Amino acid sequence: MLTIVAFVVALGLLIAIHEYGHYRVAVACGVKVLRFSVGFGRPLLRWQPKGSPTEFVLGAFPLGGYVKMLDEREAPVAAEERHLAFNTQTLPKRTAIVAAGPLANLLLAVLLYAIVNWSGVEEPKAILASPSIGSIAEKAGVQGGETVTRAGWDGEALDEVMSFDDLRWLLTRGALDGRDVRLELATSEQGARREVLMPLATLQAAEADAQLFRTIGVLGPWTRPVIGDLVADGAGARSGLQRGDLVQQVGAVRIVDGQQLRETIRGSLIDGQPVAQVWRIERDGRMLDLSVTPDAKPEGLQSVGRIGAYVGAPPNMLTIRYGAWDGIWRGVERTWEVSGLTLRMMGRMLIGEASIKNLSGPLSVAEYAGKSASLGFTQYLVFLALISVSLGVLNLLPVPMLDGGHLLYYLWEAVTGKSVSDAWMERLQRGGGAVLLVMMSIALFNDVNRLFG
């Protein structure tokens with residue numbers, strides 16, 4: 001139920017804001033708006049404010065919306081109202097009306113990010129866990145336990161790192177954009193600092209998945225190697241592990257943090273088969289040795305070790321809160337960064353450098369809506385901001401039937417001095433519809449394959 005409610009609220013809000021952008025600017029430009037609809041199909045609710053020419057409608061199918069304006073291309077317009085028709089407006093006014101929808105979504109994202117920044121959010125400290133064996137971080141000299149104090153692109157000034165999420169976002173952008181990242185590390189608050197170079201440009205990454213971060217070597221923040229909740233019939237419970245056990249050693253390997261323990265468990269199989277190992281643990285101040293045999297679980301084309309337990313204590317957290325102006329500016333920066341990354345990923349998918357599996361449809365959006373809402377109001381706002389950016393960027397693409405397609409028509413009109421002919425308009429609209437249908441089909445297939453495949 002939470003997933004359904006979160007999904008409907010998200011769609012309703014984002015569509016309403018998008019259409020309100022068109023509506024508000026159209027009214028400001030002197031265009032008569034006949035209908036403002038959130039959703040398609042049979043109207044569930046309709047009303048018309050007294051003295052307003054606009055009918056407001058809530059449709060049965062919430063996957064979209066529209067603003068219907070007076071337009072001579074759609075129906076005859078009385079001579080005395082011709083100045084109120086959309087098609088009779090100047091080019092700048094028509095451009096502003098069309099661009100207002102996507103821009104409203106981008107402004108909403110800025111506001112949502114700003115609200116999160118003002119209210120404060122709990123995030124893990126930027127303390128690095130032990131890097132994966134053979135990873136970029138290990139080769140760069142990261143050992144685990146260091147705090148990332150500053151970071152930035154190689155060759156540019158380094159900026160303060162507020163949290164592990166900030167660091168992960170920078171690494172994501174570096175991997176996908178093919179840019180090297182430099183980190184300033186400290187082993188303690190007053191300790192000496194050193195810099196390491198993360199050569200992410202060599203990765204040529206196509207998507208930001210778990211394997212990418214395993215290759216980088218930064219999978220999560222530092223945590224104590226403590227055993228959490230266990231599955232009743234899991235390998236850990238069968239071997240005698242208990243919640244709260246502090247793992248000191250696995251076989252001949254000394255364990256220093258939760259990430260190292262997780263990677264040790266994953267790689268504990270020999271030729272894909274479980275092998276018993278002696279674990280040294282601390283329990284209630286006493287040292288114990290237990291023989292632990294992990295279960296072999298398939299992951300992709302290989303098997304990895306699992307013990308059926310939550311491994312690692314919660315990370316060290318801090319509350320990040322910004323002032324009025326800084327909160328807005330950070331919202332602008334994050335909206336700009338996400339927009340740019342979204343455009344680059346779409347471009348790379350178009351030329352085959354990134355997988356089309358990155359396209360997500362309504363089922364994935366619904367799932368993420370439910371998950372983010374279950375994590376709290378702040379995480380739900382971050383999710384809404386991300387989807388609002390995606391909706392704004394998508395609608396600005398130069399594809400006929402989208403707002404960006406209409407802006408492309410107006411660019412042609414500005415350059416040539418004449419509008420696109422009706423015949424060409426019809427052909428382009430059909431082509432744009434076909435492109436959108438293919439994109440929606442791929443996104444829906446990805447959803448079904450990921451959720452049920």
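A salt bridge here is a side-chain nitrogen of Lys or Arg within 4 Å of a carboxyl oxygen of Asp or Glu. Going by that, Arg 46 and Glu 55 make one through their side chains, at 3.0 Å from N to O, and the structure holds 24 salt bridges. What you're looking at is a predicted model, where local features need pLDDT of at least 70 and side-chain atom pairs count only at pLDDT 80 or more, while totals for chains, interfaces and linings use all residues. Residues are numbered from 1 along each chain as its sequence is written, and side-chain values use heavy atoms, with hydrogens and water left out.

**Salt bridges**

- Asp 166 pairs up with Arg 334 in another salt bridge, with 4.0 Å between the closest N and O atoms.
- That pair ties together distant parts of the chain, since Asp 166 sits in helix H4 (residues 164-177) and Arg 334 in helix H8, 168 residues apart; helices (H or I, at least four residues) and strands (E, at least two) are DSSP runs, numbered from the N terminus.
- Asp 166 counts as buried at 15% relative accessibility, whereas Arg 334 is partly exposed at 23%.
- Glu 263 and Arg 266 also meet in a salt bridge, at 4.0 Å from N to O.
- These two are 3 residues apart in helix H7 (residues 258-266), so about one helical turn separates them.
- Glu 263 is partly exposed, at 22% relative accessibility, and Arg 266 is buried, at 13%.
- There's a network too: salt bridges with shared partners join Asp 166, Arg 173, Arg 330, Arg 334 and Glu 337.

**Aromatic pairs**

- Rings of Phe, Tyr and Trp (its six-membered ring) pair if their centres lie within 6.5 Å; planes under 30 degrees apart count as stacked, over 60 as edge-to-face and the rest as tilted.
- That rule gives 8 aromatic pairs.
- Take Tyr 20 and Tyr 23: the ring centres are 5.9 Å apart and the planes are at 40°, so this pair is tilted.
- Both tyrosines belong to helix H1 (residues 2-28), where Tyr 20 and Tyr 23 are 3 residues apart, about one turn of the helix.
- Tyr 20 is partly exposed, at 41% relative accessible area, but Tyr 23 is buried, at 11%.
- Trp 325 and Trp 329 make a stacked pair, with 6.2 Å from centre to centre and 20° between the planes.
- You'll find Trp 325 and Trp 329 in helix H8 (residues 324-350), 4 residues apart, again about one turn of the helix.
- Trp 325 is exposed at 58% relative accessibility, while Trp 329 is partly exposed at 43%.
- Ring pairs also build a cluster out of Tyr 20, Tyr 23, Phe 36, Trp 47 and Phe 56.

**Charges over rings**

- A charge sits over a ring if NZ of Lys or CZ of Arg is within 6 Å of the ring centre and within 35 degrees of the ring normal.
- Arg 168 does this with Phe 213, lying over the face of the ring at 3.8 Å from its centre.
- Arg 94 lies over the face of Tyr 410, at 5.3 Å from the ring centre.

Conventions: Buried means under 20% relative accessible area, exposed over 50%, partly exposed in between (1.4 Å probe, protein chains only).
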